[in-house]
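Hi there,

Here is the structure I promised to pass on. Have a look at it first, and then read on for what turned up.

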Amino acid sequence: MAENNLSAVLKAHGGAVKLLRNSKIGIYVYPVVAPEFSNWRSEQIAWRKSAVLFDQTHHMDELIVEGPDAAAFLENVAVNSFANFDSNRAKHFVPVTPAGHVIGDMIIFRERDDKFVLVGRAPTANWVKFQQAIGEHKVRLVHDPRSDSRPDGKAIYRTHYRFQIQGPDANKIFDKINGGPVPDVKFFHVDWIKIGSRRVRALRHGMAGAPGLEVWGPYADKHYIQSTILEAARDVGVDLRLVGSRAYSTNTLESGWIPSPLPGIYTGSGMLQDYRDWLGADSYEAMGSIGGSFVSDNIEDYYVNPFELGYGFYIGWKKEFIGKDALTKLKDRKNRQKVTLEWNRDDLLKVVASGFEEGTPYKWIDFPQPNYASTNADILMGKGKKMVGMSMFNGYSFNERCMLSLGVVDADVKVGDQLTLIWGEPEATGKTSTEAHKQAEIRVLVAPTPYSREARENYAASWRTRLTNATFDASV
């Protein structure tokens with residue numbers, strides 16, 4: 001019998017851990033956009049020193065949710081409160097399972113009272129679609145999945161283009177393309193600006209700590225919008241760099257967002273069993289992969305909750321939502337905390353040097369982004385070789401001249417502590433993204449999150465700057 005849903009796939013492969021650690025999907029790919037336009041070092045520098053243009057058109061799912069019950073439906077699905085969530089605003093949308101485990105996240109835009117657009121990775125889009133399928137809310141959904149990772153020459157079409165311009169010189173470009181000063185848009189608010197002859201929506205945002213606007217519109221306008229932005233930058237003398245997929249994926253290391261936690265949906269009965277029966281055998285959840293030195297027979301050891309990722313402060317406790325009872329029990333516990341980890345230079349060079357020596361090398365570290373799975377989990381050890389957390393997203397910052405990773409650690413770990421990261425997997429798996437290798441111990445220093453001083457000091461109050469268990473502010 002064909003494996004036609006996630007439940008059947010899990011059964012055929014002996015459970016979630018065996019399925020995901022032996023996935024043959026290969027490395028996680030940011031599709032369509034060229035790997036580099038100049039070189040990834042210069043592209044990283046540009047978001048700190050001049051300005052960059054991120055092409056975000058292809059790597060994210062888009063989900064349009066509209067109808068008379070759209071707001072009530074979405075507020076029940078996510079932990080966020082929709083209080084003060086007016087039209088032309090955006091939020092960080094985070095759903096959890098009934099057990100309180102994070103499924104993923106998206107950015108949600110409110111275009112009208114009855115229309116929302118969600119943009120982000122597939123796990124959250126899939127969960128929202130399932131909730132609509134089993135519920136009775138009066139809502140309509142339109143799902144535009146991300147572009148194919150390996151299109152092999154096939155034409156690619158999206159509903160919308162999506163660009164972000166950011167950096168210290170970004171405002172000069174905004175004023176030029178708008179034909180005058182752009183509106184003073186507050187952080188995560190939306191307003192209209194002009195780009196040449198087009199009137200487009202613009203979100204005040206920033207991904208690596210630098211100021212920026214995210215703009216979007218009909219996909220047919222993509223070439224016109226991009227060329228108009230580039231021409232405006234030339235006219236005002238700004239060194240605007242197009243950012244390729246190699247550099248793009250590293251910007252989160254400086255700003256402190258963990259982009260790919262494992263969806264906590266592989267265990268649990270009731271709604272979660274129904275969800276696994278509903279998810280297709282070709283879904284992200286069925287085809288994704290786990291990589292890293294941390295290996296557990298219990299898939300739940302890879303799950304995280306909102307408090308661990310720094311999202312606790314915007315949970316809407318006054319409303320009802322899926323997972324509220326579980327989070328109520330978790331909020332007063334000693335949850336792990338999100339941190340940035342700075343890798344030791346000498347240990348890092350030792351790992352790289354092994355690739356030039358005879359014998360089995362350490363696991364290769366690719367620059368600027370060594371993640372080789374959909375979700376990463378590397379062991380972090382404290383004193384006495386005790387595991388105190390896991391590193392979840394790694395990369396090299398040319399701006400900071402160091403390798404960084406984002407992860408979660410026990411609550412008693414402090415900034416300035418030295419931990420040991422175990423790099424490489426303990427045994428061979430079926431993953432096509434790994435080669436024969438041995439493990440290495442890499443010293444890492446616990447650093448502030450966000451790591452970028454610009455992001456820490458100049459971002460508006462948000463999940464990047466708040467303490468993990470800070471009080472919820474419905475205005476965020």
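This is a predicted model: local features need pLDDT of at least 70, side-chain atom pairs count only at pLDDT 80 or more; totals for chains, interfaces and linings use all residues.

In general, strands of a sheet pair through backbone hydrogen bonds, and they can be parallel or antiparallel. Here, β7 and β10 belong to an open sheet of 6 strands, and its order is β8-β9-β10-β7-β1-β11, with mixed pairing. At the edges you'll find β8 (190-195) and β11 (240-243), each of which pairs on one side only. On average, neighbouring strands of this sheet are turned by 30° against each other, ignoring direction.

α7 (residues 222-235) lies across β1 (51-55), β7, β8, β9 (198-205), β10 and β11, and it runs at about 15° to β7.

Next, the nonpolar cores. The largest one has 101 residues, and the members that touch the most others are V65, L74, F93, Y266, I299, W343 and L419. Strand β17 (residues 402-409) gives this core its largest share, 6 residues. Another core, of 22 residues, lies apart from it and includes A170, V215, I225 and V238.

What does I299 touch, leaving aside its neighbours within four places in sequence? I299 is in contact with A16, V17, L20, L262, Y266, T267 and I290.

Cheers

How values were computed
Residues are numbered from 1 along each chain as its sequence is written. Side-chain values use heavy atoms; hydrogens and water are left out. Two strands pair if DSSP finds at least two bridges between them. Helices (H or I, at least four residues) and strands (E, at least two) are DSSP runs, numbered from the N terminus. Axes are lines fitted to C-alpha atoms, for helices over the stretch in contact, and angles run from 0 to 180 degrees between N-to-C directions. Contact means heavy atoms within 4.5 Å. A nonpolar core is a set of buried Ala, Val, Leu, Ile, Met, Phe, Trp, Tyr and Cys residues joined through side-chain atoms within 4.5 Å. Buried means under 20% relative accessible area, exposed over 50%, partly exposed in between (1.4 Å probe, protein chains only).
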